[in-house]
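I opened this model to look up its helix packing and one of its pockets. My entries are below, in the order I made them.

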Amino acid sequence: MDKKTGRPRSEKTRQAILTASYDLLLLNGFHSITVEGIAERAGVSKATIYKWWPNKAAVVLDGFFEATESILEVPDTGSLKKDLLLQAGSLAAFLTSPKGKVITELIAEGQSDENVAEEYRNRYFNPRRLISRHILERGIKRGELRKDLDIELSIDLIFAPIFYRLLITGGAVDPAFVEQLISYALAGLISEQ
């Protein structure tokens with residue numbers, strides 16, 4: 001045993017905690033979950049959870065994202081438009097599903113709880129934003145996008161309308177919307193040859 005790090009994590013215990021947090025999230029919503037409830041359902045102590053995660057938000061988000069990770073993978077099709085359609089389409093389909101509605105709940109919760117907002121950004125938003133960055137960088141390398149493209153602003157331009165509809169207007173976020181969104185966004189971003 002390393003005195004600095006303590007006992008190593010048991011993968012079985014880690015999985016039990018993540019599964020318990022995910023199950024409780026789907027059953028009761030984020031606001032109703034407690035670390036005590038997760039510990040009881042997983043058959044571990046609260047101390048075990050706090051040894052591995054700094055707060056409720058971190059363990060719940062890890063459980064949620066581990067359970068849903070494969071849903072948002074994006075292949076490299078060799079086409080910027082196809083990659084963006086796949087990524088935005090998968091995101092839209094996921095966010096409008098019962099499991100994906102958890103994301104809007106977490107965003108709402110993050111407005112009044114900085115721990116939730118920080119964990120959401122670090123565990124979900126930033127990694128997916130990095131995927132978007134790679135997609136756009138590939139598009140620049142292939143000559144599909146302007147070389148002077150502001151990548152961060154372009155990511156906002158492409159994905160913000162999805163969240164705007166989900167969180168503000170309540171408008172449809174369906175395949176037709178995603179297709180139109182990507183077409184309009186790319187019209188302003190494509191390489192001028």
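**Basis.** I am working from a predicted model, in which local features need pLDDT of at least 70, side-chain atom pairs count only at pLDDT 80 or more, and totals for chains, interfaces and linings use all residues. Residues are numbered from 1 along each chain as its sequence is written, and side-chain values use heavy atoms, with hydrogens and water left out.

**Fold.** I counted nine helices and zero strands in the chain; helices (H or I, at least four residues) and strands (E, at least two) are DSSP runs numbered from the N terminus. The C-alpha atoms fill a box of roughly 60 × 40 × 25 Å along the principal axes.

**H1 and H2.** I looked up helix H1 (residues 11–28) against helix H2 (residues 35–42) and found an angle of about 120° with the axes 8 Å apart. Axes are lines fitted to C-alpha atoms, for helices over the stretch in contact, and angles run from 0 to 180 degrees between N-to-C directions. H1 and H2 are therefore oblique to each other; angles under 35 degrees count as roughly parallel, over 145 as roughly antiparallel, 65 to 115 as roughly perpendicular and the rest as oblique. Their crossing is right-handed, where right-handed means that the near helix is turned clockwise from the far one by less than a right angle, and left-handed anticlockwise. On the H1 side the contact (heavy atoms within 4.5 Å) includes Ala 16, Ile 17 and Ala 20, and on the H2 side Gly 37 and Arg 41 are among the residues. By class I noted seven nonpolar, two polar and two charged residues in this contact. Ala, Val, Leu, Ile, Met, Phe, Trp, Tyr, Cys and Pro count as nonpolar, Asp, Glu, Lys and Arg as charged, and the others, Gly among them, as polar.

**H5 and H7.** The axes of helix H5 (residues 80–95) and H7 come within 9 Å and cross at roughly 160°. The pair is therefore roughly antiparallel, and H5 passes H7 in a left-handed crossing. Nine nonpolar, three polar and three charged residues make up the contact of H5 with H7.

**H5 and H8.** Here I found an angle of about 15° and axes 11 Å apart. That makes H5 roughly parallel to H8. The contact joins Leu 84, Gln 87, Ala 88, Leu 91 and Leu 95 of H5 to Ile 158, Phe 159, Ile 162, Phe 163 and Leu 166 of H8.

**Pocket.** Last, I checked the second largest pocket, with a volume of about 150 Å³. A pocket is an open set of points on a 1 Å grid over the protein atoms alone where a 1.4 Å probe fits, with protein on both sides within 12 Å along at least five of seven lines; lining residues have an atom within 4 Å of a point. The lining includes Leu 106, Gln 111, Tyr 120, Arg 121 and Phe 163. H6 (101–110), H7 (114–141) and H8 (151–169) each supply at least two lining residues, and H7 gives the most, with four. By class, this lining has seven nonpolar, two polar and one charged residues.

Terms used: Grid points are joined across faces, edges and corners, and a volume is the space filled by probe spheres set on the points.
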